[in-house]
Amino acid sequence: MTRHRNILIVVFDCLRPDHLACLGYRGTNTPTIDRLALEGTTFTNAYCQAPNTWISHASLFTGCNPYLHGLRTPTRRLSADLRVMAEVFREAGYTTYGLPAMSLLSREAGFARGFDEYTLDGLRSEPGVLAHRYDRTADETLARTRKWLRQTSTPFFGWIHYFGTHKVEDHLFDLPEDYLRSFSPYAQHYDGKVSFADERFLAPLVDELSNLGFLDDTIIVLWSDHGFQLGEKERWGKYSLWERATRVNLLWVAPGVTKPGTVTNKPANLLDIYPTLASLTGCKPPEGQLEGNDLSVLMK
């Protein structure tokens with residue numbers, strides 16, 4: 001049986017793959033993502049099930065399309081008939097940790113199922129908006145993740161949601177002055193947000209994995225839950241089904257499995273993450289539930 005490798009799933013909310021340096025874009029500075037791309041496999045033709053954070057995460061965790069997992073609006077819950085990913089890995093002996101970055105990914109909606117620790121602490125609220133809370137600073141997200149890594153047992157299954165790359169009209173994200181000066185103000189300094197996430201969050205996170213001796217035995221999945229229209233056909237709104245809103249970043253690093261520097265345009269989507277992780281770790285997924293495909297053969 002395949003040994004139980006550690007798993008770290010990192011989602012950069014609203015990250016568009018066409019704004020990554022490793023895929024040829026010149027407006028961002030993302031050396032850590034570039035490094036991971038050189039060590040793993042990048043899927044350039046990957047899509048989400050909906051250009052919406054909570055629906056995409058529901059599909060990620062269940063391996064099912066929205067018509068099956070049941071979460072189509074903020075007031076719905078994940079179907080109790082489905083076994084979510086964290087449940088499967090916890091039953092296989094993994095320590096499980098979830099760090100969501102918006103209150104719509106709530107316990108009440110079923111997102112905390114299977115996690116030993118699941119925290120929404122530290123989220124901020126937009127002025128005048130009472131229904132939802134979202135966004136932590138990069139420093140706090142990193143601090144919480146480091147604390148968990150330093151005290152966790154292995155194998156571990158971690159899911160970290162980073163919201164600072166999101167593009168919303170009145171976002172609270174605190175981009176430092178040097179980034180505001182260095183990057184175009186286009187679309188709320190979107191390229192600066194992406195570059196900041198790479199330098200101030202992802203780079204120290206990868207260093208932490210290395211310092212703790214986890215890096216060589218950890219599967220890293222770096223993905224985005226949806227894209228966004230950064231001014232293109234903006235009249236259709238942020239939940240449109242245009243290419244820029246539905247195409248997502250999907251990067252895998254699985255030491256000993258992924259062929260370094262592989263770039264593939266084979267079709268992929270977020271439903272594929274669940275069965276692929278099960279295949280790479282030897283964990284048994286729920287029979288007859290998953291609608292995605294095992295991508296591991298393409299990584300080799």
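Modeller: Buried means under 20% relative accessible area, exposed means over 50%, and partly exposed lies in between, with a 1.4 Å probe and protein chains only. A salt bridge needs a side-chain nitrogen of Lys or Arg within 4 Å of a carboxyl oxygen of Asp or Glu. This is a predicted model, where local features need pLDDT of at least 70 and side-chain atom pairs count only at pLDDT 80 or more, while totals for chains, interfaces and linings use all residues. Residues are numbered from 1 along each chain as its sequence is written, and side-chain values use heavy atoms, with hydrogens and water left out.

Colleague: How do you know that Asp 198 has no salt bridge?

Modeller: Lys and Arg count as positive, Asp and Glu as negative, and His and the chain ends are not counted. On that basis the nearest side chain of opposite charge to the buried Asp 198 is Arg 35, at 9.3 Å. The limit is within 4 Å, so no salt bridge is assigned to Asp 198.

Colleague: What does the side chain of Asp 198 make a polar contact with?

Modeller: The side chain of Thr 32, at 3.0 Å. A polar contact is a pair of N or O atoms within 3.5 Å; within protein, one must be able to donate a hydrogen and the other to accept it, and residues adjacent in sequence count only if both atoms are side-chain atoms. Asp 198 sits in helix H7, residues 186-211; helices are DSSP runs of H or I with at least four residues, strands are runs of E with at least two, and both are numbered from the N terminus.

Colleague: What makes Asp 18 and Arg 16 a salt bridge?

Modeller: Their N to O distance is 2.8 Å, and the rule asks for within 4 Å. Asp 18 has a relative accessible area of 33% and is therefore partly exposed, whereas Arg 16, at 2%, is buried. By this rule the count comes to ten salt bridges.

Colleague: Why is Glu 87 called buried?

Modeller: Because its relative accessibility is 19%, and buried means under 20%. Glu 87 forms a salt bridge with Arg 113, the closest N and O atoms being 3.7 Å apart. Glu 87 is in helix H4 and Arg 113 in the loop between strands S3 and S4, 26 residues apart.

Colleague: Which parts does the salt bridge between Arg 146 and Glu 208 tie together?

Modeller: The N to O distance of that pair is 3.3 Å. Arg 146 lies in helix H5 (residues 138-151) and Glu 208 in helix H7, so the bridge ties together parts 62 residues apart in sequence. Salt bridges that share partners join Arg 146, Arg 150 and Glu 208 into one network. Arg 146 is partly exposed at 26%; Glu 208 is buried at 5%.
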